[in-house]
Amino acid sequence: MAYRVQGVVVREKNAPATVETIIVPDPGPGEAVVDVISCGVCHTDLHYQQGGINDEFPFLLGHESTARVAAIGEGVTEIAVGDRVILNWRAVCGQCRACAKGQPQYCFATHNATQKMTLEDGTELSAALGIGSFAEKTLVAAGQCTKIDEDSDAAAVGLLGCGIMAGIGAAINTGEVKRGESVAVIGCGGVGTAAIAGAQLAGATTIIAVDIDDAKLEQAKHFGATHTVNSRDTDPVAAIQALTGGHGADVVIDAVGRPETYKQAFYARDLAGRVVLVGVPTPEMMLELPLLDVFGRGGSLKSSWYGDCLPSRDFQMLIDQHKLGRLDLAGFVTERIGLGDVQAAFDKMATGTVLRSVVELS
């Protein structure tokens with residue numbers, strides 16, 4: 001059996017995202033078909049549209065989702081039909097060298113569904129991050145479904161499927177922020193703002209938000225920023241040092257991912273402090289630093305992949321923090337839209353006026 005549903009497709013580079021009929025096959029061994037409840041509009045989807053990920057068009061976009069399991073394939077035991085889940089793009093294999101070392105959050109062999117979804121004419125679709133959930137139903141590997149409880153706002157908690165988890169995890173997991181430490185976050189879009197929320201959740205007492213947009217800086221205060229710096233007209237390194245007794249922050253998180261901002265993060269940290277890169281650079285970017293400075297400042301330089309999260313460990317824990325009033329996931333939802341509004345949501349990204357547009361399907 002196959003399902004005929006509506007989904008958001010991009011047929012070629014920079015083509016508009018359009019709603020089309022897609023064919024979702026019945027799940028095979030190790031796979032699941034899910035009914036999508038909500039899906040956040042993430043910058044990664046825009047990168048797919050622009051050809052910045054690869055050229056395997058056409059793409060079925062969407063990946064930041066809450067869903068309900070509709071059908072499971074042979075051998076699937078970790079989820080059942082009817083389960084409410086968050087979709088994740090890290091389906092842990094349990095067998096690779098990272099998993100064997102007890103570090104499944106770094107799994108090197110994550111997997112997706114084997115079968116392909118298609119257009120009506122049989123053209124195979126590439127699912128964004130192996131998920132493709134700007135659709136009424138989608139096909140995923142069963143390991144991409146992380147079961148969660150029933151009593152939370154689907155649009156809010158589904159954001160843990162990508163960007164918000166990346167930011168929170170950059171602070172808590174990668175940066176290992178400790179109670180009483182100082183944290184600076186460069187770039188206050190969705191991921192950077194989530195890093196600020198993660199630093200607050202971890203117990204940081206000085207949290208410095210850095211951006212070139214005063215509206216974003218004001219918004220960062222809601223999520224835990226204690227100080228703000230507009231780096232358009234102020235040297236962020238000097239400002240961060242001034243706010244931390246002249247020393248620099250214990251942890252500096254670069255949520256932009258450019259050589260200029262990474263250098264700011266590198267020099268704005270305290271001696272033996274930690275730098276975390278969670279913003280994603282483009283392939284042509286190059287970084288140059290004096291090697292003596294790398295040696296002389298000590299500490300650690302880390303990259304954060306998906307917030308170094310383990311979905312089975314982190315998703316429900318963060319939902320519980322949200323329900324306790326310690327983490328405002330709902331505050332990241334700027335607007336709730338339909339499938340046909342995805343292209344307009346991409347256009348709004350350029351204005352910097354939204355943290356997340358969220359497509360609601362049921």
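Residues are numbered from 1 along each chain as its sequence is written, and side-chain values use heavy atoms, with hydrogens and water left out. Because the model is predicted, local features need pLDDT of at least 70 and side-chain atom pairs count only at pLDDT 80 or more, while totals for chains, interfaces and linings use all residues.

**Exercise 1. Describe how helix 4 and helix 5 cross and which residues meet.**

Step 1. Locate the elements: helix 4 covers residues 163-174 and helix 5 covers residues 190-202. Helices (H or I, at least four residues) and strands (E, at least two) are DSSP runs, numbered from the N terminus.

Step 2. Take the geometry: the two axes come within 7 Å and cross at roughly 45°. Axes are lines fitted to C-alpha atoms, for helices over the stretch in contact, and angles run from 0 to 180 degrees between N-to-C directions.

Step 3. Classify the angle: helix 4 is therefore oblique to helix 5. Angles under 35 degrees count as roughly parallel, over 145 as roughly antiparallel, 65 to 115 as roughly perpendicular and the rest as oblique.

Step 4. List the contact (heavy atoms within 4.5 Å). From helix 4 come Gly163, Ile164, Ala166, Gly167, Ile168, Ala171 and Ile172, which meet Gly190, Val191, Ala194, Ala195, Gly198, Ala199, Leu201 and Ala202 of helix 5.

Step 5. Sort by class: eleven of the contact residues are nonpolar, four are polar and none is charged. Here Ala, Val, Leu, Ile, Met, Phe, Trp, Tyr, Cys and Pro count as nonpolar, Asp, Glu, Lys and Arg as charged, and the others, Gly among them, as polar.

**Exercise 2. Determine how helix 4 packs against helix 10.**

Step 1. The axes of helix 4 and helix 10 lie 12 Å apart, at an angle of about 100°.

Step 2. The two helices are therefore roughly perpendicular to each other.

Step 3. Met165, Ile168 and Asn173 of helix 4 make the contact with Arg313, Asp314, Phe315 and Leu318 of helix 10. This contact has four nonpolar, one polar and two charged residues.

**Exercise 3. Characterise the largest cavity and its lining.**

Step 1. The structure holds one cavity of 30 Å³ or more, and the largest cavity has a volume of about 40 Å³. A volume is the space filled by probe spheres set on the points, which are joined across faces, edges and corners.

Step 2. The lining consists of Met165, Ile168, Gly169, Ile172, Asn173, Asp314, Met317 and Leu318. Helix 4 and helix 10 (311-323) are the elements that give two or more residues to this lining, and helix 4 gives the most, with five.

Step 3. By class, the lining has five nonpolar residues, two polar and one charged.

Conventions
1 Å grid on protein atoms, 1.4 Å probe; cavity = no way out; pocket = protein on both sides within 12 Å on 5 of 7 lines; lining within 4 Å.
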